[in-house]
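I opened a new structure today and kept notes as I went. Here is what I looked up, entry by entry.

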Amino acid sequence: MLRKRPHLAWLAAPYVLYLAALPAVNRLHPTVAGLPFLFFWLLLATLLTPAAVYLAWRGDRAHRARRTRDGAGGTERGAA
């Protein structure tokens, strides 16, 4: 599915920001804007998650518009 809809890869960004990178950023020092780096990282991840979801949604909307314009309407296989 990712081959046909690569814009959905944006949905992996929150996972990477929250879980995969967490051991690497679990530090008390340095501080950024007066916050320990871990808190700053989690705040940044929280602010970037809606942007990643928006980019995936926008790409999916464009994908669906192309499918409708090209005459490939209908539902995808497996969809109800």
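My entries start with the whole protein and then move to single residues.

**Entry 1: the whole protein**

I noted first that this is a predicted model. I then looked up the elements, and the protein has 3 helices and 2 strands. Read from the N terminus, they follow the order α-α-β-β-α.

Next I checked burial. Of the 80 residues in the protein, 20% are buried.

Residues 24 or more positions apart account for 54% of them.

**Entry 2: the core**

Which residues make up the largest nonpolar core? I found Leu 17, Ala 21, Val 25, Leu 38, Trp 41 and Ala 45, 6 residues in all. Helix H3 gives the most to this core, with 3 residues.

Trp 41 is then in contact with Leu 17, Ala 21 and Val 25. I checked these names against the core list, and Leu 17, Ala 21 and Val 25 are on it.

**Entry 3: around helix H2**

I moved on to Leu 22, which lies in helix H2. Is Leu 22 buried, partly exposed or exposed? Its relative accessibility is 28%, so Leu 22 counts as partly exposed. Not counting residues up to four places away in sequence, Leu 22 touches Leu 38 and Leu 42. I also looked up its distance to Trp 41. Leu 22 and Trp 41 are 19 residues apart in sequence, and their C-alpha atoms are 8.5 Å apart in space.

Ala 24 is also in helix H2, which covers residues 22-25. Ala 24 has 55% relative accessibility, so I wrote it down as exposed. Ala 24 and Leu 38 are 14 residues apart in sequence. From C-alpha to C-alpha, Ala 24 and Leu 38 are 9.4 Å apart.

**Entry 4: aromatic pairs**

I searched the whole structure for aromatic pairs and got 3. The ring centres of Phe 37 and Phe 40 are 6.4 Å apart and the planes are at 35 degrees, so I logged this pair as tilted. Phe 37 and Phe 40 both lie in helix H3, residues 37-69. They are 3 residues apart, about one turn of the helix. Phe 37 is partly exposed at 21% relative accessible area. Phe 40 is partly exposed too, at 26% relative accessibility.

Another pair is Tyr 54 with Trp 57. Their ring centres are 5.9 Å apart and their planes are at 40 degrees, so this pair is tilted as well. Tyr 54 and Trp 57 are 3 residues apart in helix H3, about one helical turn. Tyr 54 counts as partly exposed at 43% relative accessibility. Trp 57 is partly exposed at 47%.

I also found that ring pairs link Phe 37, Phe 40 and Trp 41 into a cluster. Trp 41 had already come up in my core entry.

**Entry 5: a surface patch**

Which residues form a nonpolar patch on the surface? I noted Leu 35, Phe 39, Leu 43 and Leu 47. Together they have about 390 Å² of accessible area. Helix H3 gives the most to the patch, with 3 residues. I checked Leu 43, which is in helix H3. Leu 43 is partly exposed, at 43% relative accessibility.

**Entry 6: Thr 49**

Thr 49 also has its place in helix H3. Is Thr 49 buried or exposed? The value is 19% relative accessibility, and buried means under 20%, so Thr 49 counts as buried. Leaving aside neighbours within four places in sequence, Thr 49 is in contact with Pro 14 and Tyr 18.

**Entry 7: Ala 33**

My last stop was the loop between strand E1 (31-32) and strand E2 (35-36), where Ala 33 lies. Ala 33 is not a glycine, yet it has a positive phi of about 55 degrees.

How values were computed:
Residues numbered from 1 in each chain as written. Predicted model: local features only at pLDDT ≥ 70, side-chain atom pairs only at ≥ 80, totals over all residues. Heavy atoms only, no water. Phe/Tyr/Trp six-rings, centres within 6.5 Å; stacked < 30°, edge-to-face > 60°. Helix = DSSP H or I, 4+ residues; strand = E, 2+ residues; numbered from the N terminus. Buried < 20%, exposed > 50% of the residue type's maximum accessible area, 1.4 Å probe, protein only. Core = buried A, V, L, I, M, F, W, Y, C linked by side-chain atoms within 4.5 Å. Contact = heavy atoms within 4.5 Å. Patch = residues over 30% accessible without salt bridge, like charges linked within 9 Å, V, L, I, M, F, W, Y side chains within 5 Å. Areas by Shrake-Rupley, 256 points an atom, 1.4 Å probe, with all protein chains shown as cover. Salt bridge = Lys/Arg side-chain N within 4 Å of Asp/Glu carboxyl O.
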